[in-house]
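Morning, everyone. I have one structure to go through today, so please look at the sequence and the model first.

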Amino acid sequence: MDYKKLIKSRQMRVKIMHALSFVPDKIMIKMQYRLKTGHKLDLKNPKRFTEKLQWYKLYYRDPLMVECVDKYDVRKYVKRCGCEAILNNFYGVYNTPDEINFDDLPKSFVLKDTLGSGGNSVILVQDKSKMDENLVRKQMWEWVNYPVNKKYPGREWVYDKRKHRIIAEKYIESNPKDGGLIDYKFFCFYGKAEYLYVLADRKVGQKARLGIYDAGYVKQQVRRGDEMFLKRDVKKPGNYDELLKTAERLAKPFPEARIDFYDVNGKIIFGEITFFDGSGYMKFEPDEFDFILGEKFVLKGE
């Protein structure tokens, strides 16, 4: 069932999930998993990667994960790991849009919801003289007014009862002829990278196309069902070994973590750390890849 076609408004979907905050996490996760993937969730003997991510949500608790999912707080963790050089230039962190004086920011910059995900949590400003300030402030108010007393829709505990803030960072320039800004998102298990997403070929108004590679940078004939497929083979970055080693260093404490980077002219720029990719509700084509990735994710006690 494609629930997004039934309820097209993202805001409405979030409101419905908030209204169901009283439903216990385990029950809600089982319902969502069946609805979004079409599979029955097996928590006693999970085999799929997507199943293990649901187990991860419910049963694994590490306070460090709370720090690492916040786009401002994670900077402290990256510094402690000795990777300060990869952090993007930072302009400020704000509790509300009223604290932001746009005159103090450069011509171009990026605004992010510190606890947000997806396109609705980022505002790209290439030229602030052309920016609709009222519209930008309205969107940021939606971020910071996110209800802290409601369960996160995907029941990802690391976001619960936390105040959303705004972070301003440097706008990263890219060359559209090279496929625009390219993301490298490494899936690591206990500090060992196994696969990565490569996102490229961005177009205005569209998401980037997504390809899946193994840790040796061999493109896999696998699609993620909710993303546009990256048909071409993106050239291996010259500093790929450094990207890989940095991802593994940042991921070392965790059973599973996705570590995201940009690579701009050989310079690594840190993106974010995510523990519940797609909230664990994505579908792969072929379906077998869900099991292949699941084999890499060894849960405590397996």
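This is a predicted model: local features need pLDDT of at least 70, side-chain atom pairs count only at pLDDT 80 or more; totals for chains, interfaces and linings use all residues.

Residues are numbered from 1 along each chain as its sequence is written, and side-chain values use heavy atoms, with hydrogens and water left out.

Cavities, then. A cavity is a set of points, on a 1 Å grid over the protein atoms alone, where a 1.4 Å probe fits but cannot get out, and its lining residues have an atom within 4 Å of a point. Grid points are joined across faces, edges and corners, and a volume is the space filled by probe spheres set on the points. The count is two cavities of 30 Å³ or more.

The largest cavity has a volume of about 70 Å³. Its lining consists of Lys71, Val74, Arg75, Leu87, Asn88, Lys112, Glu169, Phe270 and Gly271. At least two of the lining residues come from each of α6 (74-80) and β10 (267-274); helices (H or I, at least four residues) and strands (E, at least two) are DSSP runs, numbered from the N terminus. By class, that lining has three nonpolar, two polar and four charged residues. Nonpolar here covers Ala, Val, Leu, Ile, Met, Phe, Trp, Tyr, Cys and Pro, charged covers Asp, Glu, Lys and Arg, and the others, Gly among them, are polar.

The second largest cavity holds about 40 Å³. Among the residues lining it are Tyr146, Tyr152, Tyr159 and His164. Its lining divides into five nonpolar, one polar and four charged.

Now the helices. How do α3 (residues 25-37) and α4 (residues 49-59) cross? Their axes come within 11 Å, at roughly 165°; axes are lines fitted to C-alpha atoms, for helices over the stretch in contact, and angles run from 0 to 180 degrees between N-to-C directions. The two are therefore roughly antiparallel, the term for angles over 145 degrees. On the α3 side, Asp25, Lys26, Ile29 and Tyr33 make the contact (heavy atoms within 4.5 Å), and the α4 residues include Gln54 and Leu58.

Helix α4 also meets α9 (residues 288-296), with axes within 7 Å and a crossing of roughly 50°. Phe49, Thr50 and Lys52 of α4 touch Asp290, Leu293 and Gly294 of α9. This contact has two nonpolar, two polar and two charged residues.

Key
On a 1 Å grid over the protein atoms alone, a cavity is a set of points where a 1.4 Å probe fits but cannot get out, and a pocket is an open set with protein on both sides within 12 Å along at least five of seven lines; lining residues have an atom within 4 Å of a point. Angles under 35 degrees count as roughly parallel, over 145 as roughly antiparallel, 65 to 115 as roughly perpendicular and the rest as oblique.
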